[in-house]
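Q: Please take a close look at a single part of this model. Walk me through it in short sentences, and give the cut-offs as you go.

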Amino acid sequence: MPRIDAPWTVKRELLTKAEDDTDPGFGHKPEERQYPELVKFGVINLDKPPGPSSHEVAAWVRRILNVKQAGHGGTLEA
Amino acid sequence: MALEDATKTIQVLLGAGKEYVCVMKLHADIPEVRVKEVLEEFQGKIYQKPPVRASVKRRVRVRKVYYVDVLEVDTRNVLFRVGCEAGTYIRKLCHDVGEVLGCGAHMHELRRTRSGPFTETENNITLHDVAYLHSKWRETNDISVLRRFVLPMEKTLGLLPKIHVRDSAVDALCHGAHLTAPGVTSLETGIVKGSKVAIYTMKGEAISLAAATASTEEIFEKNHGIVARNIRVLMPRGTYPKLWRTKQ
């Protein structure tokens, strides 16, 4: 059966519809976020160890980083 | 793993495509050529009924297998890489490959190597290093240490088509208003009516998740009217100034 294009192989082009400027007085480029915004709007690409559950690992991350909420992006359904 | 307000982006990940590396064990000796032949048959659309332990309705459903690449065959052990739609059961796939081969097979080991835009080669970090880098950041107060593993939540939205809007449109969107044509400054190709899009400021900050009500070409041509309906607001109200009024 032929391969289907995986979503991560889709190439997109950005088309400009209108010109405008953005006020540097509001907001930040995501890569320039400082603490605490960096963490408040942050994600971690975590290589989870096989033993503990995702729930336990989330609790550890919450404790280490001292955040109120940390959610995982889906368990590995074996 | 999403932190604090970034947890709102998790739903995007749950429906995103995945990639796994798997070790399948065959229950008899089969020629490598035949193994590869059958695995290739599982590329494309396949039928699956979820296992009992899954918390979904157990009806046969179609799933897309984007590719299956056999990496190594060692007597009865088959190492392969597979890219697939969310909700594809690799355990079931291995079982079904075994059925087609006639001898039976089972999934021995599985490692997820991709979840949407997240791979195991980019900014991947262990729990140990999270603890280490966090304390290093506390010591040095150097934010670049934190940035090594805390990524902006925009990364989660990486595979969704982007629409950028002007500053004056931002706060209305943060209040749940739908996106109208005059607000759009730029947009990516490949948007179809109904597909999920991510709306950003001109600085690249995520504002909200939305469903496009028109295609890229149509949105480009439109001068008024709704082009995307807000599904989930991500940016807090007030980040950008309120430049809109309620109808008098």
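A: Helices (H or I, at least four residues) and strands (E, at least two) are DSSP runs, numbered from the N terminus. The model is predicted: local features need pLDDT of at least 70, side-chain atom pairs count only at pLDDT 80 or more, and totals for chains, interfaces and linings use all residues. Residues are numbered from 1 along each chain as its sequence is written, while chains are lettered from A and ligands numbered from 1 in the order in which they are written.

The part to look at is an open sheet of 7 strands. Its order is E1(A)-E12(B)-E10(B)-E13(B)-E14(B)-E15(B)-E11(B), with mixed pairing. Strand E1 (14-16) of chain A and strand E11 (179-180) of chain B stand at the edges. Each has a single partner strand, so one side of each is left without a neighbour in the sheet. Two strands pair if DSSP finds at least two bridges between them. Strands of a sheet pair through backbone hydrogen bonds, either parallel or antiparallel.

Now the wider interface. In all, 67 residues of chain B are in contact with 56 residues of chain A (contact: C-beta atoms, placed from the backbone, within 7 Å). Strand E12 (residues 184-188) of chain B gives the most to the side of chain B that touches chain A, with 5 residues. By class, that side of chain B has 33 nonpolar, 18 polar and 16 charged residues (nonpolar: Ala, Val, Leu, Ile, Met, Phe, Trp, Tyr, Cys and Pro; charged: Asp, Glu, Lys and Arg; polar: the others, Gly among them).

Another strand pair also joins the chains. Strand E4 (residues 70-71) of chain A and strand E1 (residues 2-3) of chain B run antiparallel, joined by 2 bridges. Ala70(A) stands opposite Leu3(B) in that pair.

Chain B has its own pairings too. Strand E2 (residues 18-26) of chain B is joined by 8 bridges to strand E5 (residues 77-84), antiparallel. Lys25(B) stands opposite Asn77(B) there. E2(B) is also joined by 9 bridges to strand E6 (residues 105-115) of chain B, again antiparallel. Here Lys18(B) stands opposite Ser115(B).

Methods:
Contact = placed C-beta atoms within 7 Å.
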